[in-house]
Amino acid sequence: MNTNTLKKFAQEANKKLVAQIGAKMDYVLNTDSVELREKEAQVRRLKEEISKTSKSQVIDKVAYTWFNRLMALRFMDVNDFQPLGLTSDFSKGWIHHP
């Protein structure tokens, strides 16, 4: 089995996730808003995690976690383990029609 397409997809997905998570992290760490002040404990935990390792390691960890979650949802869709097709073709509507 040729896995080159799968490898390329995973690498591109990782790049996009890392970029998006990095942008969101920069926003959270550098913005003062009412919403973020209400989530002070979560922001503090994020800063603590960054201080234990590094910003890039935290971003990689979060990207890895989200990639795995998205792939699990896709697997569940393909194998009809849930009533809604969460990662399926949305042009057919929100409800999954087998």
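**A note on helix packing and aromatic pairs**

1. Phe9 is partly exposed, with a relative accessible area of 42% (buried means under 20%, exposed over 50%, partly exposed in between, with a 1.4 Å probe and protein chains only). Please keep in mind that this is a predicted model, where local features need pLDDT of at least 70, side-chain atom pairs count only at pLDDT 80 or more, and totals for chains, interfaces and linings use all residues. Residues are numbered from 1 along each chain as its sequence is written, and side-chain values use heavy atoms, leaving out hydrogens and water.

2. How many aromatic pairs are there? The count comes to two, where rings of Phe, Tyr and Trp (its six-membered ring) pair if their centres lie within 6.5 Å. Phe9 and Phe67 form a tilted pair, 6.2 Å centre to centre with 45° between the planes (planes under 30 degrees apart count as stacked, over 60 as edge-to-face and the rest as tilted). This pair links distant parts of the chain: Phe9 sits in helix α1 (residues 4–30) and Phe67 in helix α4, 58 residues apart.

3. Phe75 and Phe81 also form a tilted pair, with 5.9 Å between centres and 40° between planes.

4. Now for the helices, which are DSSP runs (H or I, at least four residues) numbered from the N terminus. α1 and α4 pack at an angle of about 125°, with their axes 9 Å apart; axes are lines fitted to C-alpha atoms over the stretch in contact, and angles run from 0 to 180 degrees between N-to-C directions. That makes α1 oblique to α4 (under 35 degrees is roughly parallel, over 145 roughly antiparallel, 65 to 115 roughly perpendicular and the rest oblique).

5. Which residues of α1 meet α4? Among them are Phe9, Leu17 and Met25, while the α4 side includes Val58, Trp66 and Phe67; contact means heavy atoms within 4.5 Å.

6. Helix α3 (residues 40–52) is another partner to look at. The axes of α3 and α4 (residues 55–78) come within 7 Å and cross at roughly 115°, and the two helices are therefore roughly perpendicular to each other. Leu46, Glu49 and Ile50 in α3 meet Lys55, Val58 and Lys61 in α4, a contact with three nonpolar, no polar and three charged residues.

How values were computed
Nonpolar A, V, L, I, M, F, W, Y, C, P; charged D, E, K, R; others polar.
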